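Subject: Structure for your review

Dear colleague,

Please find below the structure that I am handing over to you.

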Amino acid sequence: MGGLSMDQAFVQAPEHRAKPSVAEADGIPVIDLSPLFAADGVDVDALAAEVGRASQDWGFFVVVRHAVPEEVVARAAEAQRAFFALPPARRAAVARSEAAQMGYYASDHTQNVRDWKEAFDLVPTRHPPPPPPAVVLDNKWPDDLPGFSPDLALGLGHHKDACALTVLYQDAVGGLDVRRRCDGEWVRVRPIPQSFIINVGDIVQVWSNDRYESAEHRVAVNVEERFSMPFFFYPASYTMVEPLEEIVSEESPARYNPYCWGKFFSTRKNGDFKKLDVDNIQIAHFRKKALVHIQ
């Protein structure tokens, strides 16, 4: 590379590096959510079946006609770009830490490899805050940069989301890749204007006893800056996550041991601040005959 060097912390293992070109995905389900808002509700069952098929076949899908006002998304994107245009010192003033885990960061690890990204994490404000033993997370934001309500992340290594569901907005730059179920190949998800991407997370995989598998995905590095806003749906911190009673039977017994979401989340977040000697906690550790204990 003409004498240029790269910090080895960013270097992916050969088997996880992106190919020079990634094929655009064909057949990604695009689901119209407008039946949810119809007065008669006639098509809701058909919509639910469509979501079920997409979750089972792909683990994610694109939704349109979702009733989120375009101007709301535009305001969030404008505030997002305004924040990342601030000088480094201003961004660092609201940096997150292990003690206060919401805020700005430019050093993060996915699968123990540092991500090439900057990000800003925040949570929806709740009044009053939830009672103990719920985990309470406080937001940070520059006082002189008003008008924000979003959440964002830029460029990620291959991973699955630990949450129940992720709702993702991505700009026109694109770069989101998903591992296709049928052949294991990485394919590119083309941005569709005024849409959101929904992907199944690990919690739904456990709740459904593997009927709906969490979607493995990554974000490629682009010449242009890419902006995205993911919203992660988590249960209460005291929730014990396990296959639902309605799903399991003698013929299809539970494939996972229960785990406490709050303890899982705290353990998982520790890997955001440093490279660990072992892989960070995953739902695979709770498969039957592979139980681990979180202290």
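The notes below describe the strands, the aromatic rings and a surface patch.

Please bear in mind that this is a predicted model.

I begin with the sheet. Five strands form an open sheet in the order S1-S2-S10-S7-S12, and their pairing is mixed. At the edges are strand S1 (30-32) and S12, each of which pairs on one side only. From one strand to the next, the twist averages 30°. Within this sheet, strand S2 (residues 60-64) and strand S10 (residues 196-200) pair in the antiparallel sense, over four bridges. To find one of these contacts in the viewer, look for Phe 60, whose bridge partner in S10 is Asn 199.

The aromatic rings come next. How many aromatic pairs does the structure hold? There are 15 aromatic pairs. One of them joins Phe 83 and Phe 120 in an edge-to-face arrangement, with 4.8 Å from centre to centre and 70° between the planes. Phe 83 belongs to helix H2 (residues 70-84) and Phe 120 to strand S6 (residues 119-121), so this pair ties together parts that are 37 residues apart in sequence. Both Phe 83 and Phe 120 are buried.

A second pair is made by Tyr 234 and Trp 261. Their ring centres are 5.1 Å apart and their planes lie at 35°, so this pair is tilted. Tyr 234 sits in the loop between S12 and strand S13 (240-241), while Trp 261 is in helix H5 (residues 261-270); the pair thus links distant parts of the chain, 27 residues apart. Are these two residues buried or exposed? Tyr 234 is partly exposed, because its relative accessible area is 41%, a value that falls between the limits of 20% and 50%. Trp 261 counts as buried, because its relative accessibility is 3%, which is under 20%. Tyr 234 and Trp 261 also belong to a cluster linked by ring pairs, together with Phe 232, Tyr 259, Phe 264, Phe 265 and Phe 286.

Which residues make the nonpolar surface patch of about 260 Å²? Leu 165, Phe 231 and Phe 233 make this patch. With 41% relative accessibility, Phe 233 counts as partly exposed.

Yours sincerely,

A colleague

Definitions and conventions:
Residues numbered from 1 in each chain as written. Predicted model: local features only at pLDDT ≥ 70, side-chain atom pairs only at ≥ 80, totals over all residues. Heavy atoms only, no water. Patch = residues over 30% accessible without salt bridge, like charges linked within 9 Å, V, L, I, M, F, W, Y side chains within 5 Å. Areas by Shrake-Rupley, 256 points an atom, 1.4 Å probe, with all protein chains shown as cover. Salt bridge = Lys/Arg side-chain N within 4 Å of Asp/Glu carboxyl O. Buried < 20%, exposed > 50% of the residue type's maximum accessible area, 1.4 Å probe, protein only. Phe/Tyr/Trp six-rings, centres within 6.5 Å; stacked < 30°, edge-to-face > 60°. Helix = DSSP H or I, 4+ residues; strand = E, 2+ residues; numbered from the N terminus. Pairing = 2+ DSSP bridges. Axes fitted to C-alpha atoms, helices over the stretch in contact; angles between N-to-C directions.
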